[in-house]
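Open the structure in your viewer and keep the selection panel at hand. This tour goes from the whole chain to single residues.

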Amino acid sequence: MATKHKEDGLLEAQRAKIQPPKMFKVLLLNDDYTPMEFVIIVLQRFFSLENEQATRIMLKVHNEGRGVCGVYPRDIAATKVGQVIEFARQHQHPLACMMEED
């Protein structure tokens with residue numbers, strides 16, 4: 001909270017207008033090589049999804065080419081994208097993960 005001086009010497013509290021952070025969708029992209037079971041593991045491990053919800057998103061990725069894993073502020077979304085890509089590379093899968101503004 002900032003303060004503002006008035007002519008009579010008293011201070012008046014001034015509310016700063018805080019905007020909510022921009023949100024970003026984290027997306028998985030389909031490829032022909034990453035096993036469906038691995039995608040489910042990624043969704044459960046990095047996005048804390050239950051098996052049924054992870055399976056639903058995995059099928060959306062498989063059938064439509066991409067699927068939303070979650071919506072987060074920029075820093076969290078970027079971290080999750082990095083974690084997913086690193087995990088996929090460690091397991092020698094070309095799984096692509098990206099973020100885009102919501």
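The chain holds 3 helices and 5 strands; helices (H or I, at least four residues) and strands (E, at least two) are DSSP runs, numbered from the N terminus. This is a predicted model, in which local features need pLDDT of at least 70 and side-chain atom pairs count only at pLDDT 80 or more, while totals for chains, interfaces and linings use all residues. Residues are numbered from 1 along each chain as its sequence is written, and side-chain values use heavy atoms, with hydrogens and water left out.

Of the 102 residues, 31% count as buried. Buried means under 20% relative accessible area, exposed over 50%, and partly exposed in between (1.4 Å probe, protein chains only).

Next, select strands S3, S4 and S5. They form an open sheet with the order S4-S3-S5 and antiparallel pairing; two strands pair if DSSP finds at least two bridges between them. Strand S4 (66-73) and strand S5 (96-101) are the edge strands, each pairing on one side only. On average, neighbouring strands of this sheet are turned by 25° against each other, direction ignored. The axes are lines fitted to C-alpha atoms, for helices over the stretch in contact, and angles run from 0 to 180 degrees between N-to-C directions.

Now keep S3 (residues 23-29) and S4, which run antiparallel and are joined by 7 bridges. Which residue in S4 is the bridge partner of Val-26? Select Gly-70 to see this partner.

Move to Met-23, in strand S3. Met-23 counts as partly exposed because its relative accessibility is 31%.

Last, select His-93, in the loop between helix H3 (74-90) and S5. Is His-93 buried or exposed? His-93 counts as buried because its relative accessibility is 17%. Leaving aside neighbours within four places in sequence, His-93 is in contact (heavy atoms within 4.5 Å) with Tyr-33, Thr-34, Pro-35, Phe-38 and Ala-88.
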